Amino acid sequence: MTRSSNLVLNRFELLNQVGSGGQGELFAGRDTESGRKVAVKLQRPRMFESEGHYAEMGEEIRAEGAHTQALASIRGIPQFIASGSYRKQSCIVLEFVDGTVLYDAMIKARPLRIPTAAAIIGQLCEILHLVHERSLVHRDVKPENIILEPDGRVRLIDMGLAIAPGVPTEMGSGTFGYAPPEQWQANPDGVTPQSDIFALGCMLLEMTVMQLPYAGMTGRPDPDCPVLPAERLRLVPAEIRPFALRMVERTPMNRPANVREILRELLPFLPSPGAKPPAKPLTPDPTEYYRN
């Protein structure tokens, strides 16, 4: 029997650590009431931060929990279970999403065929449409934040950077390689859903031609940096090239108006119900979501 003093929120047993980030550490856990597996994000122990800065870090974790709770009922987002503090560290408890990280799956199989890439982006568009409808922008859409469940369903995780459209930001945010220019520094105008569209475009290019745009954006690219080198640009399938390039326009207003527009563009490439699986499917296979 686990002593309650060692349980997070007197209920959740910590198991193994499965990830970490700037503000917190992610653990697999067990709900002692139901027995089900959960994910526990725990603020990392205080080191040299001032009390004020450490409190702000804790507030960011609580905000992530609030954003996740606001997205309740969206199938593609982990469900919120609880939040609070454990040994003076803020924490949130979420549904544990069992599956394969998209980055790990695709790195072994790139370049992906168009139907497979379309099935991933299409599912993300369905999820993000509902997220954007609830007035949130994810701001960190990337393969490491996407889980493929065994049945091919896509799940979008980590709402830690989510923010309402138009809210001024005081610093850069996101992940180089996927974050759009409007997230590279403080932005008094905030961001819009077009920021997530840029990230989707980066993923689409990465999956199909194995290169992120603008020289991978390991830093801020030069103003004259092309989207892709000419020899790589020629490899982008002609069928998706026009709208894929629109998705990664530097200026937000030049990108598609919303994720529904992207989904409409992808419809011709999505498998129809009852279609055969791809000759070389990704594992798990995201086309299964549309085929079944």
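A residue counts as partly exposed when its relative accessible area falls between the limit for buried, under 20%, and the limit for exposed, over 50%. The views below come from a predicted model.

Figure 1. Helix 6 comprises residues 241–247, and R241 is part of it. The relative accessibility of R241 is 28%, so this residue counts as partly exposed. Apart from residues up to four places away in sequence, R241 touches L233, R234 and V236. For R234, the view shows its backbone oxygen at 3.5 Å from a polar atom of the R241 side chain. Between R241 and Y178 the C-alpha separation is 18 Å, and the two residues are 63 residues apart in sequence.

**Figure 2. K142 lies in a loop and is buried.** The loop that holds K142 runs between helix 3 (114–133) and strand 7 (146–148). K142 has a relative accessible area of 15%, and therefore it is buried. Its side chain makes a polar contact of 2.9 Å with the side chain of T175. When neighbours within four places in sequence are left aside, K142 is in contact with T175, Y178 and M203.

**Figure 3. One cavity of 30 Å³ or more is present in the structure**. The volume of the largest cavity is about 50 Å³. Its lining is made up of R139, D140, V141, G174, T175, Y178, A179, P180, Q183, S195, D196 and A199. Sorted by class, this lining has five nonpolar, four polar and three charged residues. T175 and Y178 are among the residues that line the largest cavity, and both are also in contact with K142.

Figure 4. At 11% relative accessibility, P284 counts as buried. T100 is 184 residues away from P284 along the chain, yet the C-alpha atoms of the two are separated by 7.4 Å. Leaving aside neighbours within four places in sequence, P284 is in contact with T100, and also with L148, E149, P150 and G152.

**Figure 5. A cis peptide bond joins R110 to P111**. Omega for this bond is near -5°. P111 sits in the loop between helix 2 (102–107) and helix 3.

**Figure 6. K88 is a residue other than glycine with a positive phi**. The phi value of K88 is near 70°. Strand 4 (80–86) and strand 5 (89–95) stand on either side of the loop in which K88 is placed. K88 counts as exposed because its relative accessibility is 79%.

**Figure 7. Y214 has a positive phi although it is not a glycine**. For Y214, phi is about 55°. Y214 is found in the loop between helix 4 (193–209) and helix 5 (230–233). The relative accessibility of Y214 is 5%, so this residue counts as buried. Y214 and K88 both have a positive phi, but Y214 counts as buried, whereas K88 counts as exposed.

Technical notes
Residues numbered from 1 in each chain as written. Predicted model: local features only at pLDDT ≥ 70, side-chain atom pairs only at ≥ 80, totals over all residues. Heavy atoms only, no water. Helix = DSSP H or I, 4+ residues; strand = E, 2+ residues; numbered from the N terminus. Buried < 20%, exposed > 50% of the residue type's maximum accessible area, 1.4 Å probe, protein only. Polar contact = N/O pair within 3.5 Å; in protein donor to acceptor, adjacent residues only side chain to side chain. Contact = heavy atoms within 4.5 Å. 1 Å grid on protein atoms, 1.4 Å probe; cavity = no way out; pocket = protein on both sides within 12 Å on 5 of 7 lines; lining within 4 Å. Points joined across faces, edges and corners; volume = space filled by probe spheres on them. Nonpolar A, V, L, I, M, F, W, Y, C, P; charged D, E, K, R; others polar.
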